[in-house]
Amino acid sequence: MNVKRLTLTQKRALLGILFILPWLLGFVFLFATPLFQSIHFSFSNMKIAPGGGYTLDFIGWDNFKNALSIDPNFNRILTQSLSEMAWNVPMILFFSLFTATMLNTKFVGRPFARAIFFLPVILASGAIAAAQTSGLIQLTGSSEMAKELGQQQNGFDPLSLAFMLSDAGLPMWFIEYIISAVQRIYEIIKSSGVQILIFLAALQSVPVSMYEVAKMEGATAYETFWKITFPMVSPLILTNIIYTIIDSFTNSQVTTTIYNTAFQAQNFGLSAAMSWIYTAVISVVLIIVGILVSRKVFYYN
């Protein structure tokens, strides 16, 4: 009896299917129905029945028109979220790659230092916030306290930094960008934990033989970084860009506006329309960024 053996390509495809199977099952059984319901809601006027349940009256594109042209806040908040995303993503990526490069070097207490950089992510997680709200835990070192402590420090002088960067010949927009990053360092650290771990994994997967050859050839640390390290981690740069964009939208004011429209104003149809407009904008941004960045990505075989 001849048993057909799987090829390497088939084994990799099967492994990929097994990898996404938990997500696929969760989507089919938990998210598919609410997803299609939200599409139905976005084209309807939903009214809560007095005795329970709801009724839907089809109104076409009116909810989308109301969200884009009648609602006084949605367009402004959406535009503001896009500008903040474009402003914050480069900061987070630069800080994450720089920190991961530093943490990848060998020094005493390296595991402890890695835990410190990931701790703000744990403290800011939804599970910790829910446990604190329900009274299960009490955090004395919350993010608000950390911000207050940071604001009380007077060691940083933005004006001196601006003069120093200006004397170096840097443009004013770049100087303002650097000062803004320094002033918001805690927010950047809080948003960089996952990206640092991803970059660490990428850095540790770079073959050591490449660095050894570069050292034998007399390459400097600067040349080694830009000729070896940066190209080798470029696929994970694309991953981190996509993750950071999605993460910035998840915690934006647009999400709060959509939630308040549904559960405070009881306008579920308008809220669903806002959600799909939001989803479309995020999808367009991700497609554009993915196309532009993927052209510069280097894949090592």
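Predicted model: local features only at pLDDT ≥ 70, side-chain atom pairs only at ≥ 80, totals over all residues.
**Stop 1: α1 against α14**

Select residues 8–42, helix α1, together with helix α14. The two pack at an angle of about 115°, and their axes are 7 Å apart. The helices are therefore roughly perpendicular to each other. Look at the handedness: α1 passes α14 in a left-handed crossing.

Now show side chains. On α1, pick L35, S38, I39, F41 and S42. On α14, pick G269, A272, A273 and W276. These residues meet. Colour them by type: 6 are nonpolar, 3 are polar and none is charged.

**Stop 2**

Move on to residues 44–48, strand β1, and residues 54–58, strand β2. The strands pair in the antiparallel sense over 5 bridges. Which residue of β2 is the bridge partner of I48? Select Y54 to see the partner.

Next, go to the turn. The hairpin has 5 residues between the strands. Click G52, which takes a positive phi near 110°.

**Stop 3: α2 against α14**

Select α2, residues 62–70, and α14, residues 268–294. Their axes come within 8 Å and cross at roughly 70°. That angle makes α2 roughly perpendicular to α14.

From α2, show N63, F64, N66, A67 and L68. From α14, show G269, L270, A273, M274, W276 and I277. These residues make the contact. The set divides into 8 nonpolar and 3 polar residues, with no charged ones.

Finish on α14 itself. Keep G269, A273 and W276 selected: they are among the residues that meet α1, and they are also among those in the contact with α2.

Terms used: Residues numbered from 1 in each chain as written. Heavy atoms only, no water. Axes fitted to C-alpha atoms, helices over the stretch in contact; angles between N-to-C directions. Helix = DSSP H or I, 4+ residues; strand = E, 2+ residues; numbered from the N terminus. Parallel < 35°, antiparallel > 145°, perpendicular 65-115°, else oblique. Contact = heavy atoms within 4.5 Å. Nonpolar A, V, L, I, M, F, W, Y, C, P; charged D, E, K, R; others polar. Left-handed = near helix turned anticlockwise from the far one by under 90°. Pairing = 2+ DSSP bridges.
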